[in-house]
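This note sets out a few points for a colleague who is new to the structure. Please read them with the sequence and the model at hand.

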Amino acid sequence: MTRKDRRANYATDSGWAWMILLSSFMTMMLWDGTIKSLAVLLPTLQQQFATRTWMIGGMIALMNAVKDFSGPIIGACTDLVDTRYLGVAGGILSGFGMIAASFATRIEVLILCVSILNGVGVGLLLIPSLALLGRYFDRLYPFASGVAYAGISLGMVVFAPLTQMLLESYGWRGTVMLLGAICCHGIVAGSLLRPSQFDSDGEKLNIGKNVLNSYDALEEECGGYHEEAENESFGWRSEKCLPPRWQQVLELTGISLFKNTSFVAAIFMMSCDSFSKTGWIVYFIPHCIVKGLTPYEAAFSATAAGTANLIGRLIYIPFVSKNLISVPTILYLSGILTAFALMVDPWTNSLTTILIANILYCLGAGVLKPLCDVHIKTIAKERLLSQAFGLRMAMNGVFRILAGYLVGWIYESTGSYSGGF
């Protein structure tokens with residue numbers, strides 16, 4: 001290959017990488033913005049459908065959980081199906097689900113449209129974009145991850161006041177329909193995704209094909225599946241080789257990653273973060289209103305917290321890139337800050353104290369998820385990246401459902417969100 005050809009390939013790969021980063025940013029913004037918008041609509045939907053608080057909050061959490069539970073299946077499909085097809089299908093499904101929800105007259109129909117259709121649509125968009133981000137960015141991955149997750153912060157900043165304004169102008173049905181139109185922009189985000197069969201060095205991955213072609217060599221190595229074999233990718237040793245069909249299942253689903261304790265620890269940290277973040281993002285606006293704030297003051301508080309979250313997404317990048325502070329140290333500080341901000345919630349009753357506590361919480365929470373993704377990328381490498389993110393999201397989904405229903409149930413039982421927070 002000539003120098004000119006190498007430069008042309010590098011230019012193509014670089015262009016694809018930035019398109020994938022833009023797609024990830026858009027997907028994150030639409031996903032979190034939709035959740036925050038539904039949180040603003042929570043009191044109105046509760047009144048319109050004459051239901052309990054935990055039912056609407058659980059619906060929002062279930063939307064997140066459906067997106068997470070679809071992770072392992074979509075992660076396995078990412079290496080077998082063109083990612084652009086998955087992304088565009090996700091954008092169509094997400095937008096259609098929200099638009100259909102605006103015509104709902106029963107809570108069951110609303111849950112089907114918002115939680116199931118929109119949740120699966122977001123999963124089809126988010127998982128391929130996260131996997132491709134790790135494959136096309138290597139040395140700059142901490143930067144790319146921070147920028148992509150900054151879309152979540154921007155969604156928090158923009159969508160809360162926008163939804164409050166739309167609600168007063170068009171009612172809840174018009175607001176949900178307009179949100180569905182905004183979600184249709186996920187089609188554009190899906191079309192920006194690029195081929196997944198190439199890693200950051202331009203080498204073909206073809207995971208499924210490699211697994212299928214490894215049967216004969218694996219049988220010969222295992223000698224009838226009785227000899228010991230070492231998995232060099234993850235540093236663990238098995239007593240007996242599994243049959244080739246089971247090896248294929250483990251490879252395509254990424255279940256073998258659970259043999260790595262660092263991977264399990266990263267998933268546990270992100271699951272705890274998903275629990276607290278889901279409870280916060282779903283119930284923060286109603287919580288502020290119960291404390292005596294006006295709807296606009298509550299929306300302003302969410303915007304300020306989202307700005308702090310945006311700072312948290314980006315502030316760690318120079319420290320990690322230049323090895324000034326270790327990743328575990330930053331994660332420890334993040335955990336302490338978020339825990340402190342939530343524990344002092346019962347004593348925050350004015351606009352100023354609520355702002356300070358939630359700015360501290362979102363600042364700490366903004367650091368954790370991008371750093372954990374950086375850590376997962378170093379563990380899973382590129383060939384199992386889709387599966388790793390899919391498994392991570394599936395585990396997070398369990399904690400999201402618990403948070404959505406538990407915090408709402410505590411409010412129904414005590415008349416206050418402080419215990420839940």
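1. Thr348 is found in the loop that runs between α14 (327-343) and α15 (351-380). The model is a predicted one, and the remarks below should be read accordingly. Thr348 has a relative accessible area of 5%; because buried means under 20%, Thr348 is classed as buried.

2. The side chain of Thr348 makes a polar contact with the backbone oxygen of Asp345, at 2.7 Å. When its neighbours within four places in sequence are left aside, Thr348 is in contact with Lys291, Thr353, Ile354 and Ala357.

3. Helix α15 contains Gly366. Is Gly366 buried or exposed? Its relative accessibility is 0%, so Gly366 counts as buried.

4. Which residues does Gly366 touch, not counting those up to four places away in sequence? They are Asn309, Gly312 and Arg313. For Arg313, the C-alpha atom is separated from that of Gly366 by 4.8 Å, although the two residues are 53 residues apart along the chain.

5. Ala50 also lies in a loop, here between α1 (3-48) and α2 (53-69). The relative accessibility of Ala50 is 69%; because exposed means over 50%, Ala50 counts as exposed.

6. The backbone of Ala50 deserves a separate remark. Its phi is near 50°, a positive value in a residue other than glycine. Most residues other than glycine have a negative phi.

Notes
Residues are numbered from 1 along each chain as its sequence is written. This is a predicted model: local features need pLDDT of at least 70, side-chain atom pairs count only at pLDDT 80 or more; totals for chains, interfaces and linings use all residues. Side-chain values use heavy atoms; hydrogens and water are left out. Helices (H or I, at least four residues) and strands (E, at least two) are DSSP runs, numbered from the N terminus. Buried means under 20% relative accessible area, exposed over 50%, partly exposed in between (1.4 Å probe, protein chains only). A polar contact is a pair of N or O atoms within 3.5 Å; within protein, one must be able to donate a hydrogen and the other to accept it, and residues adjacent in sequence count only if both atoms are side-chain atoms. Contact means heavy atoms within 4.5 Å.
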